[in-house]
Every structure is written in C-alpha cells, then in structure tokens.
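Let's take a friendly walk through this protein, with the sequence and the 3D view side by side. Keep both open as you read.

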Amino acid sequence: RDDSLSTDAASVSIALSFEADGSEIDPDSVVTLVFAVSYNNITHNDTVDYSAHEGSIPDIPSGMPFTYHVDALDGNGTIIFSGERVFSSGITRDTEIEITLDEQPPAAPGGLQLSANQYKTEVTLSWSDNSTNETGFIIERSKAAPDNFLPVDTAGLNAVKYTDSIG
C-alpha cells in the first residue's frame, strides 16, 4: 500500500443566512443555489433546488486552503443573493461553516431616451428594464443637471416608461 497517495479529507456542511441592508431576511424568492468550492486551482460546482437544502460538493483535502462561494438565484436565473468565505488555513476535521449571502442590487436600466410633447409640457422617459429583481424605479428630476437630483415619483415593477408633466 502506498500511503503517499492517501489524503485525509474533511467534509463541510453549510449554514446559510440571507441579509438585506444588514438585517437577516427570509429568502422567499430564492429558487436555486449554486455552490462552488475552490482549492489548489481546482473548482467543484453544484446546482441544487433551494428546497432540497443539500448539495454534493466533494470533501476538501485536510488543511488545504479553500474558498466556498454560494449564489442564490430567483426563478429567472438572476443572482439575488451572493456570499463567500475564504479559509486560508483550511480545515482539519468535519465541520459546519456559516456563510452570509448579501442581497444583490438589480441591474441598472439601459437605453434611457427622452422625448417631449409638441407643447413641451410633458416629458416621457423610456428605458430597457435589464433586471428581474427590481421592485420599481425611482424617477428623479434636476433643474441644474448633473447635480441636485430629487425624487419626484416612482414607476412600478417592470415599467419601461414614465411621463412627467413640466411646470
């Protein structure tokens, strides 16, 4: 038997917590978890339904430094929470680790366009909605652009235009 080829390994179980604005929340919109463990230039990935509450990342060589990364996705495949822990000294026994997943901001809208009616009494803003996890859009106006913008209204979930009356 060649003992130089055997490697002690430590298994890891994970306790996840989800935070938004520094407070722990219930991640009711999470559908899928994507796990990645990286060590010694090797990365192992696993994707599981959130309801399964388990994955199949292989054991980590004992004492090997590693990084454990978790992304939580909604039903559209958008990363809405993400977290990572780095273990620079590795672990030497089976252990449970805690990873806090922070809420990820929605993607910014794109393609902003502005048009005015013929009397210049209304301005219509239109944009591309590039996210699937926004709760709405804040409409701001400034009389001295590019500074001093103040909120004037909101546009709802999945909105792609807003009309503002001038005056």
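A polar contact is a pair of N or O atoms within 3.5 Å; within protein, one atom must be able to donate a hydrogen and the other to accept it, and residues adjacent in sequence count only if both atoms are side-chain atoms.

Before we go on, a word on the model: it is predicted, so local features need pLDDT of at least 70 and side-chain atom pairs count only at pLDDT 80 or more, while totals for chains, interfaces and linings use all residues. Residues are numbered from 1 along each chain as its sequence is written, and side-chain values use heavy atoms, leaving out hydrogens and water.

**The overall picture**

The protein has 14 strands and zero helices. Here strands (E, at least two residues) and helices (H or I, at least four) are DSSP runs, numbered from the N terminus. Of the 167 residues, 28% are buried, where buried means under 20% relative accessible area, exposed over 50%, and partly exposed in between (1.4 Å probe, protein chains only).

A nonpolar core is a set of buried Ala, Val, Leu, Ile, Met, Phe, Trp, Tyr and Cys residues joined through side-chain atoms within 4.5 Å. The largest one has 19 residues, and F66 and Y68 have the most contacts inside it. Strands β4 (32-39), β7 (66-73), β8 (79-87) and β9 (95-103) each supply at least two residues of this core. A second, separate core has eight residues, including V123, A155, A159 and Y162.

**One salt bridge**

How many salt bridges does a search of the whole structure find? The search finds one. A salt bridge is a side-chain nitrogen of Lys or Arg within 4 Å of a carboxyl oxygen of Asp or Glu. The partners are R141 and D164, at 2.7 Å from N to O. R141 lies in strand β12 (residues 137-141) and D164 in strand β14 (residues 161-165), so the pair ties together parts that are 23 residues apart in sequence. R141 is partly exposed, at 37% relative accessible area, whereas D164 is buried, at 14%.

E134 sits in the loop between β11 (122-128) and β12. This residue is buried yet has no salt bridge, and the nearest side chain of opposite charge, K161, is 16 Å away; Lys and Arg count as positive and Asp and Glu as negative, with His and the chain ends not counted. The side chain of E134 also reaches the backbone nitrogen of N158 at 2.9 Å. Leaving aside residues up to four places away in sequence, E134 touches P106, D129, L157 and N158, contact meaning heavy atoms within 4.5 Å.

N158 belongs to the loop between β13 (150-155) and β14. N158 and T135 are 23 residues apart in sequence and 8.0 Å apart in space, C-alpha to C-alpha.

**Two positive phi angles**

Neither residue in this table is a glycine, although each has a positive phi.

| Residue | Phi | Relative accessibility |
|---|---|---|
| K120 | K120: about 55 degrees | K120: 62%, exposed |
| N158 | N158: about 65 degrees | N158: 48%, partly exposed |

To find K120 in the 3D view, look in the loop between β10 (110-116) and β11.
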